[in-house]
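Please read the points below with the sequence and the model open beside them. They are meant for a colleague who is new to this entry.

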Amino acid sequence: QETTQVQLYGLVGAYVAKSERSGGPAAVTQLGHGGLTTSYWGVRGTEALGSGYKAIFALESFFQTDTGGMGRNATDPLFSRNAYVGFEGGFGKLTFGRQTNPTYVNMGTLSPFGVSVVFSPLVLQSFIGTYNGALVGDTVWNNTIQYTMPRIAGLGGSVMYGLGEVAGGPGTANIGLHANYVNGNFGAAFSAQRFRTPVTAPLTQQDAYLLGATYDFKVVKLYGSVVKTDASGTTNDTRTYDVGVRIPVSKSGALLAEWAHTKRTRAGVPDNERHTGSVGYDYFLSKRTDVYAVYSRDRQTGFGSTGTIGMGVRHTF
Amino acid sequence: QETTQVQLYGLVGAYVAKSERSGGPAAVTQLGHGGLTTSYWGVRGTEALGSGYKAIFALESFFQTDTGGMGRNATDPLFSRNAYVGFEGGFGKLTFGRQTNPTYVNMGTLSPFGVSVVFSPLVLQSFIGTYNGALVGDTVWNNTIQYTMPRIAGLGGSVMYGLGEVAGGPGTANIGLHANYVNGNFGAAFSAQRFRTPVTAPLTQQDAYLLGATYDFKVVKLYGSVVKTDASGTTNDTRTYDVGVRIPVSKSGALLAEWAHTKRTRAGVPDNERHTGSVGYDYFLSKRTDVYAVYSRDRQTGFGSTGTIGMGVRHTF
Amino acid sequence: QETTQVQLYGLVGAYVAKSERSGGPAAVTQLGHGGLTTSYWGVRGTEALGSGYKAIFALESFFQTDTGGMGRNATDPLFSRNAYVGFEGGFGKLTFGRQTNPTYVNMGTLSPFGVSVVFSPLVLQSFIGTYNGALVGDTVWNNTIQYTMPRIAGLGGSVMYGLGEVAGGPGTANIGLHANYVNGNFGAAFSAQRFRTPVTAPLTQQDAYLLGATYDFKVVKLYGSVVKTDASGTTNDTRTYDVGVRIPVSKSGALLAEWAHTKRTRAGVPDNERHTGSVGYDYFLSKRTDVYAVYSRDRQTGFGSTGTIGMGVRHTF
């Protein structure tokens, strides 16, 4: 084996916070794992196949710095972040396995707090159950085949298909369609996904859409996006609006601010509205290590407004 | 630490298949982990001790590419494939820990589909429960001490002993005796194993034997083997016959075909007979990456004949 | 990523033993994982931040060589030994995460059998439940912030604080204060820890103290220590005395002997006294590999005296 082509890499993060969400338990003082980025370690590699083609793989494992736990929680598998093998070339990429949902990756480009499942209002209201996460399905999908197009004139995109694996069923299940565009100071991202929970009939299905854009004026970068979800066969729909700013205050530091609002409409139940906002400061001590402080507020229909304050560190290796 | 002597290595595989076994549930369209080889990652190393002796170790972990899961299934431990430490030298090897059962390794040399737990008829009928696997005990054994002889004039072999770990018991438990021979185009392998399930008395015990040979005529390689098992204290015996061929059709591609038949005799129960056959094509894109397609048929007493078709990729790193 | 700064390292150990403890089940002949040192693998790295500061991290995972199991037992997480990130510099070290309890590290310097959870009488009577382990809390603590002072004139030390993570609570929980001193042939170590089990009220709390010293006369090294624990709000206190010797008999081999005695006083229950003693021989085949043999005896109030005999190997990578 040519082990020189295998990389061991990851990110270790930790933060100290006093956390309380609207409608949740009393504030908890805690050492948290992750923070701005969920901690993980991984192994990846490539092999040249000739004619510009490559075999590629990645095995990535979320973990909890505070307890040493595997995954993001007790139900996560070993390689919870990614476990795929495939091919890359002029045609793009074709990969097979458990793969990060590109809706989540696109969302990270539309939030000043990135893909943070702790501090990004957009991610919290989209993917986190205790924040009434609008999207059905996880930030990582099982049993998927993904085709990623090569980036052409700033445009990238992918199609992801998750096999249903239902005995006697046609195998038609989860689908995601994703695009993103970068041109100078302008960026945009779009995702559409259909997620089915694994039952035979009637299928429980949700369609979800994410659309957003960013513009970097250099003195300030602006973010804006909207998320829309529709459940199939029942009224349980959501609409999310999110705006954010990133203001560089030095070569290494930036102020971050973001606010998200989700309205959920369900048949026979009063509408639920949630407002979550975060302001923070992120400072890079070096290329691979940064420290940050974030203050968040959260309020939903029928509950009081709560605050979370946290400070953390991230180290990429 | 001289980490240059530590290797990080493994194999990532995935396949897409429509799978159905005789007497099993309706056909499932699935993304499967493994395929021709079960996916794993591992760490191994050596240290020179002088006089030609070395300290050696290996830690190898099966995983599931489709879900990121640890092990081959939910009951597997972290280092499910191997976890041993020991010594190597002119005397051979002496190793301690959880170790791959050499019966399984020998079987892989006697099947054109190797050690595949998905496509090799011989392995399916020997080790896989849903295919009425004839052998008691896993493809990996716990608590073992193994002595491996040095290869002498083409002859290799090993003795493996698994401690019983029963309180108050003598510690006498699982035993394996293994030999294999390679001379030019001819190869042969023999394994005898006694496996006891971990209870005190009466011990539930099975004796199993594998014997087979291969001959490589270059235009075609032939495989043939027989497996015999006898349960202790009860009539629950099996006899398996397996034949296979491998036909190279180009420098990088080969046709594979194999058929296995097992007859099980139990007291007071009608005999069960199972026929499983596979044909496939395996093509190496490079030294470390291959793609393949396999079609299998399966039939057992009292059930109809079923088919499985799959295509997959393997990447060794 | 500059992966050249990432190290993959660990220790693989195994031993064969006939084991029986006083008051335990009948003797078991077993292949054991660990032995003199519990097996683990890990990943660590550093990044220079300038001005002498470094970012540091370590992820360390205990495992069981005999079964391939994750952790020391079924309840351990993936990175059971360490999972931290932090900073190092002239000021010392500041680290966040799951971290080895320095009481355990100090104890290892005070026992000829080191931190062995199998053969060190001091460690057995302090941390191992089946040996009536005196200390509440594990050898590794969750949710901790640790400050380690730089070593000054032979004196080192650390303060470790474990956040309580109780909803509505102040977050005040586990605390450890540790010091150690090395000056020529003399060494000493002190630890004080307060451990609270994670309940709101009334807090179950134990205060524990370790104090000991070693002196290396070169022909023999002497060890002596005492451990004292006091439970809060109830009478359940222990006092442990431990003495040991290490006698080098060659450049690579040493005789080890140690004896520990713990007396436990509980309200309304007769006192329990336990005596555990070990003698052993440890021989280094190379810098990173050693073999050893140990004989231990164990006796506690109301039960007979029992013996354990074991032989093992350790390989560091």
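1. C:Phe87 is found in strand β5 (residues 82–89) of chain C, where strands are DSSP runs of E with at least two residues, numbered from the N terminus. At 15% relative accessibility this residue counts as buried, a word that here means under 20% relative accessible area, with exposed over 50% and partly exposed in between (1.4 Å probe, protein chains only).

2. The model is predicted, so local features need pLDDT of at least 70 and side-chain atom pairs count only at pLDDT 80 or more, while totals for chains, interfaces and linings use all residues. Residues are numbered from 1 along each chain as its sequence is written, chains are lettered from A and ligands numbered from 1 in the order in which they are written, and side-chain values use heavy atoms, with hydrogens and water left out.

3. Which residues does C:Phe87 touch, leaving aside its neighbours within four places in sequence? With contact taken as heavy atoms within 4.5 Å, the partners in chain A are A:Leu285, A:Thr289, A:Val291 and A:Val313, and those in chain C include C:Leu49, C:Lys54, C:Ala55, C:Ile56 and C:Leu94. The C-alpha atoms of C:Phe87 and C:Gln99, twelve residues apart along the chain, are separated by 14 Å.

4. Over all chains the count comes to 31 salt bridges, each being a side-chain nitrogen of Lys or Arg within 4 Å of a carboxyl oxygen of Asp or Glu. In one of them, A:Glu88 meets A:Lys54 at 4.0 Å, N to O; A:Glu88 lies in strand β5 and A:Lys54 in strand β4 (residues 53–62) of chain A, 34 residues apart. Both are partly exposed, A:Glu88 at 27% and A:Lys54 at 31%.

5. In chain B, the side chains of B:Arg314 and B:Asp282 form a salt bridge at 3.4 Å, N to O. B:Arg314 belongs to strand β17 (residues 306–316) and B:Asp282 to strand β15 (residues 269–284), so the pair ties together parts that are 32 residues apart in sequence. Both B:Arg314 and B:Asp282 are buried.

Technical notes
Helix = DSSP H or I, 4+ residues; strand = E, 2+ residues; numbered from the N terminus.
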